[in-house]
Amino acid sequence: MTLEDEELNQVKPIYGLIFLFKWVPDKEPRQILHDYDPELFFANQVINNACATQAILSILLNRTDEIEIGEELSTLREFSTGLPSNDKGWTIGNSEKIRLAHNSFSRQDPFIIEEDREATKEDDAFHFISYVPFKGQLYELDGL
């Protein structure tokens, strides 16, 4: 699949886009938006190897106008409203149901809190980020 209109029109509705890429350290600091709509759900990734789950949640929790997210995610979103993005990340990391769902898809890396470790040149580190439209703006949500 490509991002061409004729192909994307075949899979509508599209609520967001998750992009997977080989991660390499940024040579220069990336531009970060600090002042954004407080209703936008953005959480820092505080759990290693959880970026795919984080990318999915970034889309689901910002498209509640079109997606029924259920009681668990609705409660998480309501509870974390107004929290800083790092605390929202910990809210996700401390959710037993999200941890169980994440681990049910993982091959070998459990969804646990580990000490931060930077990827080295020898590592094949991949990363997921999400792009989601929210109130007329397109946001790149990357919790790293």
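Begin with the second largest cavity, to whose lining H2 and S2 each supply at least two residues. Helices (H or I, at least four residues) and strands (E, at least two) are DSSP runs, numbered from the N terminus. The model is a predicted one: local features need pLDDT of at least 70 and side-chain atom pairs count only at pLDDT 80 or more, while totals for chains, interfaces and linings use all residues. Residues are numbered from 1 along each chain as its sequence is written, and side-chain values use heavy atoms, with hydrogens and water left out.

Select Gln45, Cys51, Gln54, Ala55, Ser58, His127, Phe128, Ile129, Ser130, Leu141, Asp142 and Gly143, which line this second largest cavity. On a 1 Å grid over the protein atoms alone, a cavity is a set of points where a 1.4 Å probe fits but cannot get out; a pocket is an open set with protein on both sides within 12 Å along at least five of seven lines, and lining residues have an atom within 4 Å of a point. The second largest cavity holds about 40 Å³ of space; grid points are joined across faces, edges and corners, and a volume is the space filled by probe spheres set on the points. Five nonpolar, six polar and one charged residue make up its lining. Here Ala, Val, Leu, Ile, Met, Phe, Trp, Tyr, Cys and Pro count as nonpolar, Asp, Glu, Lys and Arg as charged, and the others, Gly among them, as polar.

Next, select Pro38, Glu39, Leu40, Phe41, Arg77, Ser80, Thr81 and Lys88, the lining of the largest cavity. This cavity contains about 50 Å³ of space, and its lining has three nonpolar, two polar and three charged residues. In total, the structure holds two cavities of 30 Å³ or more.

Buried means under 20% relative accessible area, exposed over 50%, and partly exposed in between (1.4 Å probe, protein chains only). Just after H3, Gly82 adopts a positive phi of about 90°.

Then turn to the second largest pocket, with about 260 Å³ of space. Of its 14 lining residues, select Leu3, Leu8, Ile14, Gly16 and Leu17, which lie nearest its centre. Strand S1 (17-22) and S2 are the elements that give two or more residues to this lining; S1 provides the largest share, four residues. The lining comprises twelve nonpolar, two polar and no charged residues.

Finally, display the aromatic side chains: the whole structure has three aromatic pairs. Rings of Phe, Tyr and Trp (its six-membered ring) pair if their centres lie within 6.5 Å; planes under 30 degrees apart count as stacked, over 60 as edge-to-face and the rest as tilted. Phe19 and Phe21 are stacked, at 5.5 Å centre to centre and 20° between the planes. Phe134 and Tyr139 have ring centres 6.5 Å apart and planes at 70°, so this pair is edge-to-face; both residues are buried.
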